[in-house]
Amino acid sequence: MELAKESALIETILFLESEPVTEASMAAVSGLTEEVVAKCVEVLKEKYKDDAAGIELDFITGGWALVPKKENWEVLKERYGNKNEGKLSKSAIETLSIIAYSQPITRAEIEAIRGVSADNMIRLLMDRNLIKEVGKKDIPGKPSQFGTTKEFLKFFRLNTIKELPQLEQEEQERFETAR
């Protein structure tokens, strides 16, 4: 089964969608079965592995998306990306890392790990939609707890939070003792 026309149809859907798309959604839009869509995805992944391709098919936040190859994006992101995209200060990255690895986590717990106020960094990360309030901790004062968002996963090209690199034992213990 060659699937040339079917793969071209799936490729067009991926091109036109601005967000990652599930195989079920592509099947509904295209009228193809999910099995055929899955085979088309494999055909497209092979097609974009070629060094001559400037884009690749990537599974992000539970769906498939056409994205620039990393080496090409590094060259072109200044012109085609949001000017602020990818530019987080060391403090913002540190705060975001603490939240990603310790979520749900309160502002006080973040500050205990960092040793400095986290107000500005939390505000910045919320403005960038990389973190959000995910609940209240059941302690006196009911402080807000923060966690990462779907935008965080897209920003770092992750499907789930479980795909974050594992912390070394010493780093993991540092996070736990501060909480």
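Predicted model: local features only at pLDDT ≥ 70, side-chain atom pairs only at ≥ 80, totals over all residues.
Helices here are DSSP runs of at least four residues, numbered from the N terminus. Lys154 and Glu151 both sit in helix H8, 3 residues apart, or about one turn of the helix. Their closest N and O atoms come to 3.3 Å of each other, making a salt bridge. As for solvent, Glu151 is partly exposed, at 31% relative accessibility.

Across the whole structure, the search turns up 13 salt bridges. Among them is one between Asp58 and Arg157, with 3.6 Å separating the closest N and O atoms. This one ties together distant parts of the chain: Asp58 belongs to strand E1 (residues 55-60), while Arg157 lies in the loop between helix H8 (150-155) and helix H9 (169-178), 99 residues apart. Asp58 has a relative accessibility of 19%, so this residue counts as buried, the cut-off being under 20%.

Another bridge pairs Glu94 with Arg114, and here the closest N and O atoms are 2.7 Å apart. Again the link joins distant parts of the chain, with Glu94 in helix H5 (residues 90-102) and Arg114 in helix H6 (residues 107-114), 20 residues apart. What about burial of the two partners? Glu94 is partly exposed, with a relative accessible area of 33%, whereas Arg114 is buried, at 16%.

Notes. Residues numbered from 1 in each chain as written. Heavy atoms only, no water. Salt bridge = Lys/Arg side-chain N within 4 Å of Asp/Glu carboxyl O. Helix = DSSP H or I, 4+ residues; strand = E, 2+ residues; numbered from the N terminus. Buried < 20%, exposed > 50% of the residue type's maximum accessible area, 1.4 Å probe, protein only.
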